[in-house]
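Thanks, everyone. Let me put the model up and walk you through a few spots.

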Amino acid sequence: MGPREVGGRAGDAVRRRRWRSALPECPEVTGARFTAVLPEGTLTAVPPDAAKRLVAEADRLMAGHGGYFGVDRDDLADPDWTYDPRTGRRAPRDHAFDVPYRDEDVVGDIKQIWELSRHQYLTVLAAAYALTGDERYAERVAAHLRSWWAANAPLRGVHWTSGIELGIRLLSWVWIRRLLDGWPGAAGLFESNPVALRQIWHHQRWLAAFPSRGSSANNHVIAEAAGQAAAACAFGWFPPSARWRADALRSLEHQLRSNTFGSGLNRELATEYHGLVLELGLAAVAEADRAGAPVPASVREVLLRMTDALAAVVDSRLRPPRQGDADDGHGLVVDGADTDRWASLLATGDAVFGRLAWWPEVTGTDVRTPLLAALIRPYAANGTARAVSRPASRPDHFADAGMTILRGPAGIWCRCDGGPHGFLSIAAHAHADALSVEVRHDGVDVLADPGTYCYHGQPEWRRYFRSTLGHNTLRLDGADQSVSGGPFLWTRGARSRVLAADPSGASGGGTARWCAEHDGYRRSVHRRRVELTAASRELRVVDEVRGPRRAVQLAFHLGPAIAAELVGNRAALTWTRDGEDRSAALDLPGALSWRAHRGESDPPLGWYSAGFGRKEPATTLVGTGFTGGAEGFTTVLRFHG
């Protein structure tokens with residue numbers, strides 16, 4: 001932490017002590033009206049199949065069923081707001097400043113407890129009411145909100161400990177009120193309800209007092225600003241509302257610029273957080289536009305760049321890279337479970353900014369896009385928009401982020417990582433994955449990034465999924481390239497630099513090339529070259545280590561759909577896509593001794609996490625030996641047919 005952050009956190013500590021002594025009362029509100037409704041006719045633009053998926057999800061929730069982070073729940077008809085279904089523990093209801101929310105032995109799995117209280121399942125129920133008029137959905141929403149407000153008085157318990165949770169919850173409440181607008185009880189639930197007014201006021205007061213700072217000013221601070229801006233626009237019923245709104249939009253402008261590379265990629269280099277930040281930014285702009293509040297021009301420009309960058313990096317099935325941490329976090333949820341998140345974001349980008357000719361085609365439908373598009377002023381029609389140069393062709397090399405995408409025929413897609421080790425001084429969501437590659441064939445993970453799986457409570461799994469051995473790269477002397485100081489802290493990060501990038505070389509049957517190196521191993525430098533030849537559908541990876549002779553491990557993680565038969569240093573790979581059999585051959589460096597690992601737990605090796613809290617066995621090929629050969633280690637992946 002720098003001096004400014006230390007001073008800010010010291011001020012927070014003083015403020016917490018002062019807040020303990022006296023909890024101020026919410027100012028009296030009279031005559032409050034909710035005017036941030038959807039424009040007439042908006043709901044008729046929702047595609048029928050998207051509405052059908054939403055209602056199916058709402059009906060499952062009404063029956064009490066839902067799933068979060070690998071745990072299926074059947075208690076959602078009347079939830080316990082402090083209960084963790086994974087460990088069976090309940091979080092204490094102490095003063096918020098006394099709750100050790102990172103201690104699983106005391107609190108339980110904090111992600112499991114927090115997720116339900118983001119109230120994004122209630123936005124789904126509210127959307128089902130808006131689309132069907134069935135008051136059962138509205139009544140369930142009202143009952144759960146009243147239950148939550150009664151169980152979570154201001155500054156009591158685990159739900160008042162983290163600003164990102166308060167920000168996302170406020171955004172959910174805004175949308176719940178909007179989607180329930182046709183229900184006779186909506187005003188009595190919100191603006192005419194002293195309990196609701198008190199909760200909204202204290203949420204906003206908390207966010208104004210305790211913003212994420214310095215080394216923690218990542219996606220959290222954007223969620224805080226977005227939630228604060230949304231609530232101050234839609235629930236502008238309090239004396240400080242205008243100030244809260246202005247401060248939040250100013251913070252949003254600054255933090256979006258700080259958190260985003262000029263290329264449009266998120267600086268955390270964790271793809272799911274790119275999606276979260278984009279969703280939050282769009283939702284905040286929607287509220288400001290609906291309220292007629294001026295939005296700084298750079299906010300829309302950053303969101304535009306983020307949308308173009310997302311369109312650029314996705315594979316043939318609209319799947320983005322699986323880079324860095326991922327915790328399944330969303331900014332706004334009004335869709336059924338089977339809705340494609342990334343297709344939805346691109347559809348919204350098309351509606352708000354306009355698609356470019358090189359964008360991939362989006363064929364799916366969603367509920368959220370027509371709702372947001374009805375509130376956000378189109379970019380070209382926005383009077384504050386400045387002329388922004390957008391890419392004339394699909395970008396494939398993002399120099400500031402160190403990401404390069406190589407593309408070949410039949411949907412061959414390869415991400416090469418030569419970028420910075422995370423964002424800010426702690427690089428909280430980074431992995432020790434310098435020079436790793438991620439390879440897909442028609443959207444199927446062939447050489448896969450294994451994912452994240454967990455944050456708190458399972459340190460051995462957290463270490464594995466962040467580790468160098470847990471990625472498609474090279475490890476020396478059994479050590480990670482970067483040094484971890486905790487589950488969200490790196491004390492030293494490998495420094496990478498891209499030496500050459502020619503991703504367009506594969507066009508016309510030629511060869512695309514990439515080369516980078518990093519200094520994470522002291523006294524040694526790891527350099528990697530990657531070549532993708534379109535004509536032969538061949539990917540060649542050459543690893544060189546300059547420095548003294550050292551023990552080496554080279555890992556290649558196969559996706560869960562890939563079956564592998566390893567004989568010597570050759571692996572025959574097979575899988576099925578859309579009912580068709582596919583295959584490839586992986587020729588591994590003969591100077592190393594190769595073994596296949598699958599589903600091992602002591603220590604962990606051979607796993608794939610498709611989503612937070614979920615993992616499944618997958619084959620990992622690990623070669624062991626020593627450095628020193630002048631020719632390096634060459635791996636060749638050939639796709640058949």
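Start with the contacts of Arg118. Set aside the neighbours within four places in sequence, and Arg118 touches Ile164, Glu165, Ile168, Arg169, Ser172, Gly329 and His330. Keep in mind that this is a predicted model. Where does Arg118 sit? In the loop between H4 and H5. Is Arg118 buried or exposed? Its relative accessible area is 4%, and the cut-off for buried is under 20%, so Arg118 counts as buried. For scale, take Phe34. Arg118 and Phe34 are 84 residues apart in sequence, and their C-alpha atoms are 21 Å apart in space.

The largest pocket holds about 1400 Å³ of space. Its lining has 49 residues, and the closest to the centre are Asp328, His330, Ala337, Arg341 and Arg614. Which elements build the lining? At least two residues each come from helices H2 (48-62), H4 (110-116), H5 (120-132), H12 (271-291) and H14 (341-353), and from strands E1 (66-68) and E22 (607-611). Strand E22 gives the most, with 4 residues. By class, the lining of the largest pocket splits into 19 nonpolar, 14 polar and 16 charged residues.

On to the second largest pocket. Here the space is about 1100 Å³. There are 45 lining residues, and nearest the centre lie Tyr101, Arg102, Ser162, Ser216 and His220. Two or more residues each come from H1 (3-21), H4, H7 (163-179), H10 (219-234) and H12. Note H4 and H12. Both are on this list, and both also supply at least two residues to the lining of the largest pocket.

Last stop, strand E15, residues 551-557. How many of its 7 residues are buried? The count is 6, so the strand is mostly covered. Two strands pair with E15. One is E8, residues 474-476, antiparallel, with 3 bridges. In that pairing, Arg475 stands opposite Gln553 of E15. The other is E24, residues 619-626, also antiparallel, joined to E15 by 7 bridges. There, Phe556 has Leu621 in E24 as its bridge partner.

That's the tour. Back to you for discussion.

Note on methods
Residues numbered from 1 in each chain as written. Predicted model: local features only at pLDDT ≥ 70, side-chain atom pairs only at ≥ 80, totals over all residues. Heavy atoms only, no water. 1 Å grid on protein atoms, 1.4 Å probe; cavity = no way out; pocket = protein on both sides within 12 Å on 5 of 7 lines; lining within 4 Å. Points joined across faces, edges and corners; volume = space filled by probe spheres on them. Nonpolar A, V, L, I, M, F, W, Y, C, P; charged D, E, K, R; others polar. Buried < 20%, exposed > 50% of the residue type's maximum accessible area, 1.4 Å probe, protein only. Pairing = 2+ DSSP bridges. Contact = heavy atoms within 4.5 Å.
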